[in-house]
Amino acid sequence: MLIFAALALAAFTTFGADTNAAGIWKWSLTEQTGETVLNLKQDRDKLTGSYTNQFGKAEIADGSLKDSDITFKVKREFNGQAFLIKYSGKLAGDKITGKCEFDVNGETRALEWKAQRDTAKAAAASGDWSTALILGDGNRIEGTLKLKQDGDKLTGAAVRNENETQIQDGKIAGDEITFTVIRDRDGRKVTAKYKGKITGDTVKGKVESDWSGDWQTLDWEGTRAK
């Protein structure tokens with residue numbers, strides 16, 4: 001009977017708590033300009049991910065989810081000084097309510113923290129896309145992009161002049177896609193980082209590339225083949 005009771009209690013505890021924290025979370029805090037975006041990945045009770053706001057992007061540390069209690073830390077730098085922000089909260093469906101703590105001039109300050117999971121359905125990215133890089137003089141470099149979508153991951157290849165290169169780090173969040181293409185050119189590696197927004201069967205965005213030896217930002221666009 002004691003064993004049965006213990007198992008029943010364990011089952012109740014497991015299924016009664018929110019145990020899925022993966023996804024994209026957004027919030028704003030007092031004295032903060034703009035929005036913070038947290039992209040969480042979960043492996044059992046361990047959380048990893050990236051944290052982006054007005055001060056740039058950083059990786060979280062010591063992330064965990066036990067029952068419905070979520071905690072993680074973020075190291076940031078402001079005016080040449082490093083500081084640590086500690087987040088803790090209670091996960092309930094697509095909301096987290098808790099607090100964040102940080103030190104200011106030797107004193108610990110705490111602010112209320114309320115995050116909302118972005119539940120927007122990801123746009124459809126799979127298919128063959130006719131794409132073009134738009135140069136500063138208006139000329140276009142045409143190509144083809146073959147994409148395959150699996151959840152929030154993108155795989156596929158960029159094709160130019162019959163040369164096919166596999167994309168790397170392909171991701172989709174809502175209607176935004178990102179991926180990287182690394183090619184060999186004149187004996188060196190050329191990196192192009194793509195970011196675009198899908199609207200139906202069209203995509204438009206920016207690409208950062210060091211193809212000329214220096215990093216440049218160009219427009220790019222594409223149309224899905226029907």
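Rings of Phe, Tyr and Trp, the last taken by its six-membered ring, count as a pair if their centres lie within 6.5 Å. In this predicted model, such ring pairs link W27, Y51, F72, Y87 and W113 into a cluster. By this rule the count comes to 10 aromatic pairs.

Have a look at two of them. F72 and Y87 are stacked, with 4.8 Å from centre to centre and 10° between the planes. This pair links distant parts of the chain, as F72 belongs to strand β5 and Y87 to strand β6, 15 residues apart. Both F72 and Y87 are buried. F72 also pairs with W113, this time edge-to-face, at 5.7 Å centre to centre and 80° between the planes. Here too, distant parts of the chain are linked: F72 in strand β5 and W113 in strand β8 are 41 residues apart.

Why do F72 and W113 count as buried? Buried means under 20% relative accessible area. F72 counts as buried because its relative accessibility is 2%, and W113 because its value is 0%.

Now let us step back to the surroundings of these rings. In general, nonpolar side chains in soluble globular proteins tend to be buried together. The largest nonpolar core here has 23 residues, of which W27, Y51, F72 and Y87 touch the most other members. Strands β1 (23-27), β2, β3, β4, β5 (69-78), β6 (81-92), β7 (95-104) and β8 (107-117) each supply at least two residues of this core. A second, separate core has 20 residues, including L154, A158, V181 and V203.

Leaving aside neighbours within four places in sequence, Y87 is in contact with W27, L29, Y51, I70, T71, F72, V74, K99, C100 and W113.

Finally, follow the chain through some of the strands. Strand β2 (residues 36-43) and strand β3 (residues 46-53) run antiparallel and are joined by seven bridges. V37 stands opposite T52 of β3. The hairpin of β2 and β3 has two residues between the strands, and R44 in this hairpin takes a positive phi near 60°.

From β3, another hairpin leads through two residues to β4. β3 and strand β4 (residues 56-66) pair in the antiparallel sense over six bridges. That brings us back to a member of the ring cluster, Y51: the bridge partner of Y51 in β4 is A58.

Note on methods:
Residues are numbered from 1 along each chain as its sequence is written. This is a predicted model: local features need pLDDT of at least 70, side-chain atom pairs count only at pLDDT 80 or more; totals for chains, interfaces and linings use all residues. Side-chain values use heavy atoms; hydrogens and water are left out. Two strands pair if DSSP finds at least two bridges between them. Helices (H or I, at least four residues) and strands (E, at least two) are DSSP runs, numbered from the N terminus. A nonpolar core is a set of buried Ala, Val, Leu, Ile, Met, Phe, Trp, Tyr and Cys residues joined through side-chain atoms within 4.5 Å. Buried means under 20% relative accessible area, exposed over 50%, partly exposed in between (1.4 Å probe, protein chains only). Contact means heavy atoms within 4.5 Å. Rings of Phe, Tyr and Trp (its six-membered ring) pair if their centres lie within 6.5 Å; planes under 30 degrees apart count as stacked, over 60 as edge-to-face and the rest as tilted.
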